[in-house]
Amino acid sequence: MEPIFSMTGSANVIKSNDIADLNIDITSVNGRFLEVNFKMPDSLRHLDANLRELFQNHLKRGKIDCYITLSENLKSSLKVDETALKQLSYAIKTIESNINGATTNALEVLNYPGILVQDEKVQATIDALVINSLDTAINKLVTAREHEGEKLKLAIESRLVSIEEQLVTVEKSLNELVLKEREKIKAKIAEFAVDVDPTRIEQEVTLAAQKADVREEYDRLKSHIKEVRNILKAGGICGKRLDFMMQEFNREANTLASKASSLDITKVAVELKVLIEQMREQVQNIE
C-alpha cells in the first residue's frame with residue numbers, strides 16, 4: 001500500500017556558507033498537471049532545467065510556486081567581463097555623442113546585466129548549494145503533502161461511512177416498495193368508488209414500482225463505496241480515479257432523487273449529494 005499525497009503543502013530551507021546565504025520557499029496547491037513557477041535571481045536562471053527536473057522526479061501533479069533568494073558573501077569573487085564592458089562602452093559613447101547632456105556613472109555600468117560575472121569555481125559552488133538545497137526542500141514538501149494526504153483519506157473514509165448509514169434507509173424500503181405502490185393505487189381508486197379489474201391494478205402497480213425502483217442505484221452506490229475504499233487502500237497517485245468515482249456517485253444520487261417515491265428516499269438523496277460534494281472537495285486536493 002502506497003501513501004496518498006495531497007497537492008497542498010509548503011516547505012522552507014535556509015542554507016548559508018562562506019559564499020552565499022540561500023533561502024528557498026515552496027508552496028503547493030492543487031492542479032490538473034504539474035506546473036512549476038520559479039521566482040529567482042537572474043544569476044540562477046541557467047539552472048532552470050535542472051531545478052524543474054528535481055520537481056518532476058518527486059511530484060506528478062500540483063501548481064508549485066518556488067521562491068529562491070540568494071545573497072552572495074564573496075563580492076571579491078566577481079569580475080568584470082571585459083568584452084561586455086567594451087560593447088557597453090561603445091554604446092554609451094554613441095548615445096553621449098548624439099544626445100547632449102547624456103551621462104552615465106560607474107555604478108550604473110556595474111549594474112548593467114552581464115558586466116559583472118561570477119568566478120566559475122564560485123558559481124559552481126553556488127549552483128551545487130542551490131540544487132542540493134532545493135532537493136532537500138522538495139523532500140520536505142513531499143513529507144508535508146503525505147501528512148496532508150492522510151488527513152484527506154480519513155475525511156473521505158468518514159464520508160463513506162456516512163453514505164452507508166444513509167443507504168440503510170434505502171435498503172429498508174426496497175422490499176416495501178411494491179406494497180406501498182399497491183396501497184397508493186388502491187387508495188386512489190377508492191376515492192373514485194369504481195370497480196377496477198384486479199389484473200389492471202397489478203399492471204399499474206408493476207409499472208409504478210418499476211419507475212420508483214431504486215435497487216439498481218442502491219447496488220451501484222454500494223459498489224462505488226467498495227471501489228473508493230480499494231483505491232484509498234492501494235494509495236499512490238489516485239486523485240483522477242477518485243474524481244471519476246465522485247462523478248459516478250453523483251450520477252447515482254441524482255437518479256435516486258428523480259426516482260424517489262417517498263419523503264424518506266428524497267431526504268436520503270439530498271444527504272447523499274451533500275456527502276458526495278464534501279468528498280469531491282477533498283478529492284480535488286489529492287495528487
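β1 and strand β2 (residues 20–29) pair in the antiparallel sense over eight bridges. Pairing requires at least two DSSP bridges between two strands. Strands (E, at least two residues) and helices (H or I, at least four) are DSSP runs, numbered from the N terminus. This is a predicted model: local features need pLDDT of at least 70, side-chain atom pairs count only at pLDDT 80 or more, and totals for chains, interfaces and linings use all residues. Residues are numbered from 1 along each chain as its sequence is written, and side-chain values use heavy atoms, with hydrogens and water left out.

**Sheet**
- Four strands make an open, mixed sheet in the order β1-β2-β4-β3.
- Its edges are β1 (9–16) and β3 (34–39), each pairing on one side only.
- From one strand to the next, the twist averages 15 degrees.
- Opposite Ala 11 stands Ile 26 in β2.

**Helices on the sheet**
- Helix α1 (residues 48–58) lies across β2, β3 and β4 (62–72), and runs at about 140 degrees to β3.
- α4 packs on the sheet and touches β1, β2 and β4. Its direction makes about 150 degrees with that of β1.
- Contact means heavy atoms within 4.5 Å. Axes are lines fitted to C-alpha atoms, for helices over the stretch in contact; angles run from 0 to 180 degrees between N-to-C directions.

**Asn 139**
- Asn 139 sits in helix α4 (residues 120–174).
- Asn 139 is partly exposed, because its relative accessible area is 36% (buried is under 20%, exposed over 50%, partly exposed in between; 1.4 Å probe, protein chains only).
- Leu 59 is 80 residues from Asn 139 along the chain, and their C-alpha atoms are separated by 10.0 Å.
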